[in-house]
Amino acid sequence: CGVIFSPTLATSRKFTADYYPFPFVIIDRPIPAGSADAVILDNQAAAHVLVNHLVGQGYRHISGIFGSASGTGLARREGFLAALKQFGLEGKSELITPTAQAAQTMVAQWLAAADRPEAIFVSNGLFLLGALQAIRAGGLKIPNDIALVGFDDDPWTSLVDPGLTVIAQPTYEIGRTAMELLLQRLESPERPVRVVELAGSLIVRGSSHSLKKRA
């Protein structure tokens, strides 16, 4: 038998090839190189795609929120900062606890500041929800007053008005590939460790409508 699972950040950092006495495949979390078979999203590249989209739409003052307890959040933050640097931009980047309330509080602080961002980038669906609540509580309109983009194509992200621009994870492909890796490991226990990075898909909706066209 074997196991496919998604560990916490703390657990993923201590994985070794013999962490469990049975075959396993890690999904959705970065792990130490060579420690186990894994299927993950290329989080840095996906974050870069989102920033590139915002810059292409005319946004320059972009702030980001990322999970402090998440390996994916840290990787997305790295991609976010690298993209800003590439475009010669500066923006706030905050690590917060993984709750919608924490995101709501952080965004509310940004909205009350004199240097309010033009666009907010968040690293998961919970943060999207919290950011949206803060923007609505502040009486601002998306995207007329501020743009909002993030990760996870949760069903509600297309139902709000306007819909939210997101990176959708290839969930079916992650599951299929993880199962293939596990079967290969069961058949050949001594084969080299393999880590597969998959690309996310940018889904553009009204929350990041062109700033240039509104000017």
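The questions and answers below walk through a predicted model of one protein chain.

Q: How many helices and strands does the secondary structure of the protein chain come to?
A: The chain has 215 residues, and buried residues make up 47% of them. Among its contacts with a separation of 6 or more, 69% are between residues 24 or more positions apart. The secondary structure of this chain comes to seven helices and ten strands.

Q: Is Ser93 buried or exposed?
A: Ser93 has its place in strand β5, which covers residues 93–96. A residue counts as buried when its relative accessible area is under 20%. Because the relative accessibility of Ser93 is 17%, this residue counts as buried.

Q: Which side chain is joined to that of Ser93 by a polar contact of 2.7 Å?
A: Leaving out residues up to four places away in sequence, Ser93 touches Gly64, Phe66, Arg77, Phe80 and Leu81. Within the model, the polar contact of 2.7 Å joins the side chain of Ser93 to the side chain of Arg77.

Q: How many residues does the largest nonpolar core have?
A: In soluble globular proteins, nonpolar side chains tend to be buried together. In this model, the residues with the most contacts inside the largest nonpolar core are Ile65, Ile96, Val107, Ile120, Val122, Ile135 and Leu148. At least two residues of this core come from each of α4 (100–112), β6 (119–122) and α5 (125–137). A second, separate core of 20 residues includes Leu41, Val55, Tyr59 and Phe80, whereas the number of residues in the largest core is 23.

Q: At what angle do α4 and α5 pack?
A: Where these helices meet, the α4 residues are Ala100, Ala103, Gln104, Val107, Ala108 and Leu111, and the α5 residues include Phe127, Ala131 and Ile135. The crossing in which α4 passes α5 is right-handed, and the two helices are oblique to each other. Their axes lie 7 Å apart, and the packing angle is about 40°.

How values were computed: Residues numbered from 1 in each chain as written. Predicted model: local features only at pLDDT ≥ 70, side-chain atom pairs only at ≥ 80, totals over all residues. Heavy atoms only, no water. Core = buried A, V, L, I, M, F, W, Y, C linked by side-chain atoms within 4.5 Å. Buried < 20%, exposed > 50% of the residue type's maximum accessible area, 1.4 Å probe, protein only. Helix = DSSP H or I, 4+ residues; strand = E, 2+ residues; numbered from the N terminus. Polar contact = N/O pair within 3.5 Å; in protein donor to acceptor, adjacent residues only side chain to side chain. Contact = heavy atoms within 4.5 Å. Axes fitted to C-alpha atoms, helices over the stretch in contact; angles between N-to-C directions. Parallel < 35°, antiparallel > 145°, perpendicular 65-115°, else oblique. Left-handed = near helix turned anticlockwise from the far one by under 90°.
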